[in-house]
Amino acid sequence: MMVISALFLAFSLQTVPQDESVRLERLEREIAENERSAAEIRTRTEEMEPTLERLRGQIVSTASALQTAEAEATQLEQDLQSIGAREAVALEERDAKSLELSQVLGALQNLERSKPPALVVSPGDAQQAALAAIALSSLTPRLADIVEARKEEIIRLATLREEKQSAQRQLENTNAALAARRRLLQGLLDERESVFNRDMAAM
């Protein structure tokens, strides 16, 4: 019995150091593997840094251009609203001038119809002719003023419509540029995410 106990003790003393050695070796392998993984991560990070830096620069510049284009679009929309308001006022003034012109022309036609014959000479006819002459002398300058004002309104409306068309074309171009920059920005963001995912998968 004593011999068996001695043998068991001797075996235990031999196996404990062996088990500890195995455990230490396993830990050393794990540490070495972790160090290799860390080194690979550092290497991959250093390798993809130029790509990420390029993407960061492009994203910043594209986002800045997008903000500028959005501000331009907003300003153009405000300009169009202002032009539309001025155009509405100009149309109202043109219509008012047209109505006034119609009234003056109607008055002149009435004077023309009521003018007495040239050969008829009587106190009543003379008085009527004098009144017609006075009315005609007052209406003629007014008619000239209205015609001149209408010319100015026509020119003003034409100018406003040209400005409006120009602003609309600019807004269309700006909106097209906005859409293109939004697509570009989204593409850059997708590319950056793809780079991250690809490199993380490789690690």
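Visitor: What is the relative accessible area of R56?
Guide: This is a predicted model, in which local features need pLDDT of at least 70 and side-chain atom pairs count only at pLDDT 80 or more, while totals for chains, interfaces and linings use all residues. Residues are numbered from 1 along each chain as its sequence is written, and side-chain values use heavy atoms, with hydrogens and water left out. Buried means under 20% relative accessible area, exposed over 50%, and partly exposed in between, with a 1.4 Å probe and protein chains only. R56 counts as partly exposed because its relative accessible area is 34%.

Visitor: Which residue forms a salt bridge with R56?
Guide: A salt bridge is a side-chain nitrogen of Lys or Arg within 4 Å of a carboxyl oxygen of Asp or Glu. With the closest N and O atoms 2.7 Å apart, the partner is E53.

Visitor: How many residues apart in sequence are the parts that E87 and R161 tie together?
Guide: E87 forms a salt bridge with R161, their closest N and O atoms being 3.2 Å apart. Because E87 lies in helix 1 and R161 in helix 2 (residues 123-202), the parts that this pair ties together are apart in sequence by 74 residues.

Note on methods
Helix = DSSP H or I, 4+ residues; strand = E, 2+ residues; numbered from the N terminus.
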